[in-house]
Amino acid sequence: MPGKLTLYPSSAPSRSFVLSEGREYVAGRDPESDVPLEDPRVSVRHARLSGAERGWRIRDLDSKNGTFVNGVRGEELDLSDEDWLSFGGLLARFERVSDEHVANLSALRTERLRTSAELSREMLGLDPRALLRRLIESAIALAGAERGFVLIVGGQGRLQTEVSFGGAPFPSGMDRFAGSVGAVERALATGKPVVAADAKSDAFLAKRRSVIELGIGALACVPLSAPNGVLGVLYVDGRREGGTFTDLDLEILEALAEHASLVLAGAEVGRRIRKLADDTPQDAVSPSDWREALAKELAATPLPPSGAASPDA
């Protein structure tokens, strides 16, 4: 029977690997491994998983920090359904799955990607405010989160809560951001998504007031980027721990954020053009002067570079 190994890194989305019976899989930090493990505690070639009719086994490959099954360290151990593994500290869960379940996993991934593409098409033509609300509702539904925010760069480079949505005790319509400020700061500073499967165990986020007081379990924060800077961030979280956000969730969130960024950037260009037209009587300037003024306006950089904004919370 096939197996499924789900990795639960603390600062990245969970990721699953389907393991076919009759094969061997090397897990390790080597990116060419059958099961790549991106964690400094993991050895380059850490362990080997093998499956046969008699069952699945895992063998440690002289790793530095050891291989554990349900807390027991060993050189070679049998694997049972729903066992917890540790590759030098990186947690994973092993499951026995049927061929039908494997097929359903593939179909589910295809269906979720199709739904994401359909939502992106639905957002075409929406005004910016409606776009942001549709964005956050879609992100929460697709990622299985409990609440979310869209933060947009406003005056003086500060992030303002443009749209919020969530269930009790996080009501819709909150006018201030009440999530992890640390995650937002990191996303803005690096220009890359921030994902925590267990925020209370994350070295950077665990001691943040928002994480402690709100009991945030898992979170994802994706920048809304444009060629000349950052427009804001898409942020979702939940109180449930243990891999709430998967690599597919992050892929979908990034696709939605990219689509929203393009629409918002276009709306900003349109706003600047309208303002320039209102402020400049066209009968007072020549066409060439108008084109030059327009070029200067569009070449300006009103949006701050990544890391320049700070949340208003």
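Me: What percentage of the residues in the chain is buried?
Reply: This is a predicted model, in which local features need pLDDT of at least 70 and side-chain atom pairs count only at pLDDT 80 or more, while totals for chains, interfaces and linings use all residues. Residues are numbered from 1 along each chain as its sequence is written, and side-chain values use heavy atoms, with hydrogens and water left out. Buried means under 20% relative accessible area, exposed over 50%, and partly exposed in between, with a 1.4 Å probe and protein chains only. Of the 313 residues in the chain, the buried share is 46%.

Me: What is the average pLDDT of the chain?
Reply: pLDDT is the predictor's confidence in each residue, from 0 to 100. In this chain, 68% of the residues score at least 70. The average is 75.

Me: Over which residues does pLDDT stay under 50, with 10 contacts beyond four places in sequence?
Reply: Contact means heavy atoms within 4.5 Å. Where pLDDT is low, the predicted coordinates should not be read in detail. The stretch with 10 such contacts is residues 168-173. Another stretch below 50, with 37 contacts beyond near neighbours in sequence, is residues 301-313.

Me: How many helices and strands are there in the chain?
Reply: Both are DSSP runs, numbered from the N terminus: helices are H or I with at least four residues, strands are E with at least two. The count is six helices and 17 strands.

Me: Which residue in β4 is the bridge partner of Gly-28?
Reply: Strand β3 covers residues 24-28. β3 and β4 pair in the parallel sense over two bridges. The partner of Gly-28 is Pro-36.

Me: Is Thr-6 buried or exposed?
Reply: Thr-6 is found in strand β1 (residues 3-7). Leaving aside neighbours within four places in sequence, the contacts of Thr-6 include Ser-14, Leu-91 and Glu-95. With a relative accessible area of 6%, Thr-6 is buried.

Me: With which side chain does the side chain of Thr-6 make a polar contact?
Reply: A polar contact is a pair of N or O atoms within 3.5 Å; within protein, one must be able to donate a hydrogen and the other to accept it, and residues adjacent in sequence count only if both atoms are side-chain atoms. Here the distance is 3.0 Å. The partner is Ser-16.

Me: What is the angle between the planes of Tyr-8 and Trp-84?
Reply: Rings of Phe, Tyr and Trp (its six-membered ring) pair if their centres lie within 6.5 Å; planes under 30 degrees apart count as stacked, over 60 as edge-to-face and the rest as tilted. A search of the whole structure finds three aromatic pairs. Tyr-8 and Trp-84 lie 5.7 Å apart centre to centre, and their pair is tilted, at 45 degrees.

Me: How many residues apart in sequence are the parts that this pair ties together?
Reply: Tyr-8 lies in the loop between β1 and β2 (15-19). Trp-84 lies in strand β10 (residues 83-87), so the separation in sequence is 76 residues.

Key:
Pairing = 2+ DSSP bridges.
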